[in-house]
Amino acid sequence: MSFAAFETEIAKVNDILCAVNLLTWDSRTMMPAGGVEARGKQIATLAGLARDLATGDTMQRAIEGARGELKGVPAADIRIVAVEQAADAIGTLSRIPASLVAAAAELKTVAQSAWAKARAANDFQSFALFLERTMEMQREIAGAIGYAEHPYDALVATYEPGMNWSRLRELYAELQRALIPLLNEARQAKVRNEILDRAYPVEQQRAFSSAMATRFGYDFGRGRLDDTVHPFEISFTRSDVRITGRFRETWLPGGLFAVWHEAGHGIYEQGIAEQFSRSVFTTDFVNLYAVGGTSFGTHESQSRLWENRVGRSRRFWELHFGDLKAAFPDQLSDVSVGEFWQAVNAARPSLIRVEADELTYDFHIMLRSEIEAGLMAGDIRVADLPDIWREKIKAYLGLDVSTDTQGVLQDVHWSSGMVGSFPTYTIGNIMSSQFFAAARKETAVEKGLDAGEYAPLKSWLNEHVHQHGRSKSPSEILIAATGSDLSATAYIDDLKRKVGELTA
């Protein structure tokens with residue numbers, strides 16, 4: 001067999017996983033409630049087929065055939081990288097029993113539906129059994145993958161290669177030392193928060209947020225925006241990259257910034273090199289997921305960059321507040337651009353992660369990471385989660401959780417089996433500042449930001465981050481683009497500057 005045969009086998013797996021993505025998108029946007037059980041089985045069947053193809057004899061022969069054809073070719077050759085990367089990832093996947101892969105895939109769809117109903121009804125107990133099963137399966141998966149110190153390490157590393165619970169705790173401790181005094185300082189600022197709670201018609205929110213997403217570079221010719229319970233982005237190759245939003249009439253930032261966040265994810269996937277479509281470099285074999293981003297943390301860096309580094313910057317609103325005011329003339333008639341900028345950046349501790357301000361967001365991630373690690377180690381029981389959640393929110397943010405809908409039921413991730421993915425949000429925050437600082441060193445990028453022209457920034461990200469897909473590791477991309485591996489310094493500096501401006 002040849003390298004071309006290897007590429008053909010990989011493309012088959014990617015095609016199936018893109019079909020799974022499509023079914024997943026439909027189940028979270030348009031599928032009628034009655035379709036849940038059948039959809040779970042459909043996804044389980046396809047996930048099982050993808051695993052069988054990836055781990056089967058034909059794929060192994062294709063890998064060995066490609067190795068033979070490429071014998072003597074330098075290790076840095078992109079073809080060698082593809083073959084060895086596939087062999088390593090498929091080796092990990094092979095350790096996870098086929099029956100477990102299929103069961104986890106079927107449970108995911110059913111559990112997501114149960115979660116959505118439980119969330120709407122504020123009924124954690126109706127979801128608890130599904131979560132128990134999910135955690136049992138995730139512990140089995142972690143055991144099959146293997147780990148040296150903590151079962152959480154195995155899962156975290158599938159989303160962020162090279163990361164583990166020990167390193168995360170060090171990172172969280174560093175952030176806490178910086179964030180707590182900054183949060184205390186920021187809360188002293190006098191801000192007109194009430195202006196964000198006025199009645200902003202949803203259609204105008206959708207139109208404005210979509211127009212800005214287009215200016216950032218999200219291509220609606222290869223994408224679309226739909227409503228969902230919990231915003232997400234998902235792709236079926238770079239040619240079809242879809243985003244979702246959740247709009248509330250009385251909370252303007254929730255709709256705007258969620259769309260820009262997901263557009264950042266979408267811009268990443270649309271920017272993957274075309275030749276990588278249906279290849280190793282757009283396939284996550286371990287999680288059986290068709291995705292071009294090199295890691296979840298790198299993906300989050302792109303969404304948080306557009307959402308926070310650009311969308312919450314003072315210059316952005318100096319340039320575009322007039323457009324927002326034109327969309328909402330009655331609601332914003334008594335509001336200045338400075339007051340609005342302060343309001344969307346104010347330290348406003350919230351029970352809801354996706355609506356959290358920058359200074360409190362990472363505390364939401366720390367809370368979830370601690371709970372996940374405890375569940376994986378068996379130190380925390382699912383039945384105790386609502387109370388544990390309340391205790392941790394009180395300790396971190398001083399807030400009282402009155403309903404499970406606003407507490408333990410607010411995120412879709414656990415129902416999706418994505419245990420270990422939450423830390424990547426904080427990793428993404430950190431990376432976003434590193435990438436943004438490096439990009440702004442280029443005159444064209446800085447001038448573009450000052451003029452409201454975002455093509456230079458998008459082009460820089462396309463070149464230094466997006467195009468590589470999964471052909472390079474997160475660290476390789478970060479170091480090449482910024483000159484440094486993961487470091488919280490730039491992120492903390494960004495937050496310090498913002499607090500200084502808010503309290504000036």
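The model is a predicted one. Its largest nonpolar core has 161 residues, and its largest pocket has a volume of about 720 Å³. The structure also holds four cavities of 30 Å³ or more.

**Nonpolar cores**

- In soluble globular proteins, nonpolar side chains tend to be buried together.
- Among the 161 residues of the largest nonpolar core, those that touch the most other members are Phe6, Trp260, Trp317 and Phe340.
- Leaving out residues up to four places away in sequence, Trp317 touches Phe208, Leu256, Phe257, Trp260, Gly311, Arg312, Leu324, Val337, Phe340, Trp341 and Val344.
- Another core, of five residues, lies apart from the largest one, and its members include Val20, Ile43, Ala44 and Ala105.

- Helix 10 runs over residues 252-270 and has 19 residues.
- From its first C-alpha to its last, helix 10 reaches 27 Å, which is close to the 27 Å expected at 1.5 Å a residue.
- Because 19 of the 19 residues of helix 10 are buried, this helix is largely enclosed by the rest of the structure.
- In helix 18, which spans residues 455-464, the buried residues include Leu457, Trp460, Leu461 and Asn462.
- The elements that cover the buried residues of helix 18 include helix 10, helix 11, helix 16, helix 17 and helix 19.

**The largest pocket**

- Rolling a probe the size of a water molecule over the atoms shows where empty space is left.
- The largest pocket has a volume of about 720 Å³.
- It is lined by 34 residues, and the closest to its centre are Gln85, Asp88, Ala157, Pro161 and Arg470.
- Two or more lining residues of the largest pocket come from each of helix 4 (78-94), helix 7 (151-159), strand 4 (283-284) and helix 19 (474-482).
- Helix 4 gives the largest share of this lining, six residues.
- By class, the lining of the largest pocket consists of 17 nonpolar, eleven polar and six charged residues.

**The second largest pocket**

- The volume of the second largest pocket is about 480 Å³.
- Of its 22 lining residues, Arg309, Ser313, Arg314, Phe436 and Arg440 lie nearest the centre.
- At least two residues of the lining of the second largest pocket come from each of helix 11 (296-310), helix 12 (314-327), helix 16 (423-439), helix 17 (443-451) and helix 20 (489-503).
- Helix 20 gives the most to the lining of the second largest pocket, with five residues.
- The lining of the second largest pocket has eight nonpolar, three polar and eleven charged residues.

**Cavities**

- There are four cavities of 30 Å³ or more in the structure.
- The second largest cavity holds about 90 Å³ of space.
- It is lined by 13 residues, with Ser235, Thr237, Arg238, Glu269 and Thr282 the closest to its centre.
- The lining of the second largest cavity divides into four nonpolar, six polar and three charged residues.

- Ile427 lies in helix 16.
- Ile427 has a relative accessible area of 1%, and a residue counts as buried when this value is under 20%, so Ile427 is buried.
- Apart from residues up to four places away in sequence, Ile427 touches Glu160, Met163, Leu168, Gly297 and Leu486.
- Ile427 and Lys394 are 33 residues apart along the chain, and their C-alpha atoms are separated by 24 Å.
- Val401 is in the loop between helix 15 (385-397) and helix 16.
- Val401 counts as buried because its relative accessibility is 11%.
- Not counting residues up to four places away in sequence, Val401 touches Leu351, Trp389, Arg390, Ile393, Gln406 and Gly407.
- The C-alpha atoms of Val401 and Ala116 are separated by 19 Å, while the two residues are 285 residues apart along the chain.
- Gln112 is found in helix 5, residues 98-121.
- Gln112 has 6% relative accessibility, so Gln112 counts as buried.
- With its neighbours within four places in sequence left aside, Gln112 is in contact with Ser27, Arg28, Val412, Ser415 and Ser416.

Note on methods
Residues numbered from 1 in each chain as written. Predicted model: local features only at pLDDT ≥ 70, side-chain atom pairs only at ≥ 80, totals over all residues. Heavy atoms only, no water. Core = buried A, V, L, I, M, F, W, Y, C linked by side-chain atoms within 4.5 Å. Buried < 20%, exposed > 50% of the residue type's maximum accessible area, 1.4 Å probe, protein only. Contact = heavy atoms within 4.5 Å. Helix = DSSP H or I, 4+ residues; strand = E, 2+ residues; numbered from the N terminus. Expected span 1.5 Å × (residues − 1). 1 Å grid on protein atoms, 1.4 Å probe; cavity = no way out; pocket = protein on both sides within 12 Å on 5 of 7 lines; lining within 4 Å. Points joined across faces, edges and corners; volume = space filled by probe spheres on them. Nonpolar A, V, L, I, M, F, W, Y, C, P; charged D, E, K, R; others polar.
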